[in-house]
Amino acid sequence: MLPVQVNRLTVQEAADRYVELVRAKTVTGALSPATAEVYARDVATFVRLAGPDRVLDDLTGEDVDAVLLAFARKPDERRKINGRGEAAGKSTGKEPGQSAASQARFRRSVSALFRHATSAGWVHLDPMAASSVRARERGGLRPERRALTREQAEGLIEAAGSPGAPPAEATGSGSGRRRRADQRTEVRDALVVLLLTTLGPRVSELVRANVEDFYTNDGVRYWRIFGKGGRTRDVPLPDPVAVALDAYLAVRAGGDGEKALLLSWRGRRLARGDVQAVIDRVQRQVDPGRRREVTPHGLRHTTATHLLADGTDMDAVRRVLGHSDLSTLGRYRDDLPGELEVAMGSHPLLRRRRGQAVQDDQAGPDA
């Protein structure tokens with residue numbers, strides 16, 4: 001029996017063909033454009049680290065390990081850098097490497113490339129099977145990416161519902177004129193915070209939202225969220241969030257034909273980076289005792305953590321967050337202070353016994 005014939009493509013040639021296929025999947029809705037670009041970016045990084053002119057089939061498990069380690073050591077350009085050129089929150093002065101989450105994502109992207117290469121006949125064997133380098137298990141997230149406590153979350157929501165006084169002048173204007181009603185961003189900021197804190201959408205889902213994605217059915221307001229992998233989910237809005245939505249739509253700055261829900265005061269769709277600025281602006285109104293830095297992803301953790309802690313059905317939480325698998329919820333479930341003590345204080349196996357003790361006390365000694 002003749003050995004399988006392999007198309008000996010270079011790493012660059014294989015990557016180009018694979019990325020073209022990945023981007024084509026966005027046309028059918030199998031992948032979202034944002035997810036496709038993440039794959040494309042990771043594959044381009046793999047090409048640089050592995051060497052574009054090497055033959056893909058010549059790469060071994062050791063070669064892949066070397067690439068994964070090189071990626072892990074790369075500076076994470078998304079980390080904040082202070083005025084001294086150091087990573088914020090770090091005292092070593094060294095540039096931080098990639099986070100465990102970024103390393104795991106990169107490994108998944110490379111694995112997907114080799115799975116396709118194996119089925120397409122570009123390699124004899126998948127070298128990922130012999131790879132031993134894996135990111136450490138999820139340790140502590142950076143504080144701003146972890147869930148807010150109930151007090152912190154309530155403080156943020158209260159600040160969103162009671163915005164401070166608006167600026168007297170429009171940004172970038174030297175005329176001293178006050179903003180028009182449709183240039184007021186406080187109502188928009190309140191809606192952004194409420195949507196993130198109570199529904200936990202991905203920031204990409206939030207900035208992609210259009211006005212037409214919100215509808216009413218049988219008296220309940222819904223948001224049709226277009227998520228990863230072309231999947232959609234319809235999530236009902238809590239009443240306070242629906243009220244905030246109506247208040248914002250009444251002063252929304254968009255002109256005719258503008259579909260985006262969240263707009264800058266100049267009438268342009270908000271970008272992902274603008275959302276963090278919105279959160280920070282609202283946080284400045286929170287009482288210092290309940291204030292803590294948080295990212296949009298941290299608010300996603302907040303939604304999942306408090307819904308699950310309150311006993312909400314796991315499948316319902318999965319559908320709110322837009323996951324296809326219940327097991328994924330573990331990544332969004334953070335510990336809450338005092339949670340274990342409360343759980344043990346109301347243990348389900350002891351409730352009946354405790355209830356009997358209360359009845360005995362009420363009956364009195366002469367009963």
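Val286 touches Gly155, Leu156, Ala159 and Arg291, with residues up to four places away in sequence left out of the count. The model in which these contacts occur is a predicted one.

**Val286 and its surroundings**

- Val286 has a relative accessibility of 3% and counts as buried, because the cut-off for a buried residue is under 20%.
- The C-alpha atoms of Val286 and Glu158 are separated by 7.9 Å, although the two residues are 128 residues apart along the chain.

**Helix α10**

- Helix α10 covers residues 296-309, a run of 14 residues.
- From its first C-alpha to its last, α10 reaches 20 Å, which is close to the 20 Å expected at 1.5 Å a residue.
- Of the 14 residues of α10, 11 are buried, so the helix is largely enclosed by the rest of the structure.
- The buried residues of α10 include Pro296, Gly298, Leu299, Arg300 and His301. Thr302, Thr303, Ala304, Thr305, His306 and Leu308 are also among them.
- The partners against which the buried residues of α10 pack include the helices α5 (150-161), α6 (186-199) and α7 (203-208). Strand β3 (232-236) and the helices α9 (272-283) and α11 (314-321) are also among these partners.
- Gly311 follows α10 and has a positive phi, near 90 degrees.

**The chain as a whole**

- The chain contains 13 helices and 3 strands.
- The chain has 367 residues, and buried residues make up 40% of them.
- Among contacts between residues at least 6 apart in sequence, 62% join residues that are at least 24 apart.

**Aromatic pairs**

- A pair of aromatic rings is described by the distance of the centres and the angle of the planes.
- A search of the whole structure finds 4 aromatic pairs.
- One of these is formed by Phe71 and Phe106, whose ring centres are 4.0 Å apart and whose planes stand at 10 degrees, so the pair is stacked.
- This pair links distant parts of the chain: Phe71 belongs to helix α3 (residues 61-73) and Phe106 to helix α4 (residues 100-120), and the two are 35 residues apart.
- Phe71 and Phe106 are both buried.
- The rings of Phe214 and Trp223 also form a stacked pair, because their centres are 5.3 Å apart and their planes lie at 15 degrees, under the 30 degrees that is the cut-off for stacking.
- Phe214 counts as buried at 10% relative accessibility, and Trp223 is buried with a relative accessible area of 1%.

**Packing of α1 against α4**

- Helix α1 (residues 11-28) and α4 pack at an angle of about 100 degrees, and their axes are 11 Å apart.
- That angle makes α1 roughly perpendicular to α4.
- On the α1 side, Ala14, Tyr18 and Leu21 take part in the contact, where they meet Ala112, Leu113 and His116 of α4.
- The residues of this contact of α1 with α4 divide into 5 nonpolar, 1 polar and no charged.

- Asp218 is placed in the loop between β1 (214-217) and β2 (220-226).
- Most residues other than glycine have a negative phi. Asp218, a residue other than glycine, has a positive phi, near 55 degrees.
- Asp218 has a relative accessible area of 76% and is therefore exposed, since the cut-off for that class is over 50%.
- Arg224 is placed in strand β2 and counts as partly exposed, at 37% relative accessibility.
- With its neighbours within four places in sequence left aside, Arg224 is in contact with Asp213, Tyr215, Arg233 and Asp234.
- Arg224 and Pro236 are 12 residues apart in sequence, and the distance between them in space is 8.9 Å, C-alpha to C-alpha.

Methods:
Residues numbered from 1 in each chain as written. Predicted model: local features only at pLDDT ≥ 70, side-chain atom pairs only at ≥ 80, totals over all residues. Heavy atoms only, no water. Phe/Tyr/Trp six-rings, centres within 6.5 Å; stacked < 30°, edge-to-face > 60°. Helix = DSSP H or I, 4+ residues; strand = E, 2+ residues; numbered from the N terminus. Buried < 20%, exposed > 50% of the residue type's maximum accessible area, 1.4 Å probe, protein only. Axes fitted to C-alpha atoms, helices over the stretch in contact; angles between N-to-C directions. Parallel < 35°, antiparallel > 145°, perpendicular 65-115°, else oblique. Contact = heavy atoms within 4.5 Å. Nonpolar A, V, L, I, M, F, W, Y, C, P; charged D, E, K, R; others polar. Expected span 1.5 Å × (residues − 1).
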